[in-house]
Amino acid sequence: MSVTQRRGRRIMMTREELDAFLAEQRTCRVATVSADGAPHASTLWFAWDGSSLWLYSITRSKRWADLRADRRIAVVVDAGEDYGELRGVELAGSVEFVGEEPRVGEPCAELDEIEKQFARKNFGMDQMPHDGRHAWVRLTPDTIASWDFRKLTELR
C-alpha cells in the first residue's frame, strides 16, 4: 500500500491522522466499473482496521454485481463544509470477498473483530446483526491519497 502522494504533500494526512480520520467517519462513496465500462457510484458504511477498508454490501446490488465481474474499486471518505475544513482520503485497489454470501453469521474468525467494530460504530451493538442480505468485501488499498485543507492555514 502506498501512502506517498506526488501532489499535495503539504496537506496530506500523516499515518496517525489517516487512521484517526477513518476510525471516526462512517460513510464512504464507492466507485465500481460496470460490465459496459460505465462507472457506478454508491454510498456505504465502512470499517477501517488500520490496513484494510471493510465494506458490508447488499449482495443483490449493482455494486456487488460490478465487483463480482471486476474487483477494482475506488473509495472516498471525506468531511468538511467550508473550503478550509475539507479533508478526506481516497483508497483504490481490488477487493477480496470474505465470509459467506450472503452473511448469516456462520463462524468466520477473519470477521470476528471487524464485525464487532462495525456493529459498535454503526449500530451501537456488541454483536453484528446479520440479515442474510449483506456480505463483506475487504479493500487492502494499492494506493491512498489524502488531504486536510485545515493544514493550509498552518502553512501561512
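These legends walk through several close-up views of a predicted model. Residues are numbered from 1 along each chain as its sequence is written, and side-chain values use heavy atoms, with hydrogens and water left out. Because the model is predicted, local features need pLDDT of at least 70 and side-chain atom pairs count only at pLDDT 80 or more, while totals for chains, interfaces and linings use all residues.

View 1. Helices (H or I, at least four residues) and strands (E, at least two) are DSSP runs, numbered from the N terminus.

**View 2. The neighbours of strand 1.** Two strands pair if DSSP finds at least two bridges between them. Strand 1 pairs with strand 2 in the antiparallel sense over 7 bridges, and Val30 has Ser42 of strand 2 as its bridge partner. The two strands form a hairpin with 5 residues between them, and Gly37 in its turn has a positive phi of about 90°. Strand 1 also pairs with strand 4, again antiparallel, over 3 bridges; there, Ala31 stands opposite Ala74.

**View 3. Strand 3 and the strands it joins.** Strand 3 runs antiparallel to strand 2, joined by 3 bridges, with Leu53 opposite Trp48. In the hairpin of these two strands, 4 residues lie between the strands and Gly50 takes a positive phi near 100°. Strand 3 is also joined to strand 6 by 6 bridges, running antiparallel, and Leu139 of strand 6 is the bridge partner of Leu53.

**View 4. Ser57 and its contacts.** Look for Ser57 in strand 3, where it counts as buried at 1% relative accessibility. Leaving aside residues up to four places away in sequence, Ser57 touches Leu44, Arg63, Trp64, Arg133, His134 and Ala135; contact means heavy atoms within 4.5 Å.

**View 5. The buried face of helix 2.** Arg63, Trp64, Asp66 and Leu67 are the buried residues of helix 2 (residues 62-69). Seen down the helix axis, they fall within an arc of 160°, so they line one face of the helix; the arc is that of the directions from the helix axis to the C-beta atoms. Their cover includes strand 1, strand 2, strand 3, strand 4, strand 5 and strand 6.

**View 6. Leu67 up close.** Leu67 is buried, with a relative accessible area of 1%. Not counting residues up to four places away in sequence, Leu67 touches Thr32, Arg72, Ile73, Val95 and Phe97. Leu67 and Ala31 are 36 residues apart in sequence and 9.9 Å apart in space, C-alpha to C-alpha.

**View 7. A nonpolar patch on the surface.** Trp45, Phe123 and Met125 form this patch, with about 260 Å² of accessible area together. Trp45 is found in strand 2 and is partly exposed, with a relative accessible area of 31%. Patches are made of residues with over 30% relative accessible area and no salt bridge, with like charges joined within 9 Å and nonpolar side chains (Val, Leu, Ile, Met, Phe, Trp, Tyr) within 5 Å. A salt bridge is a side-chain nitrogen of Lys or Arg within 4 Å of a carboxyl oxygen of Asp or Glu. Accessible areas come from the Shrake-Rupley method with a 1.4 Å probe; for residues, only the protein chains shown count as cover.

Definitions and conventions: Buried < 20%, exposed > 50% of the residue type's maximum accessible area, 1.4 Å probe, protein only.
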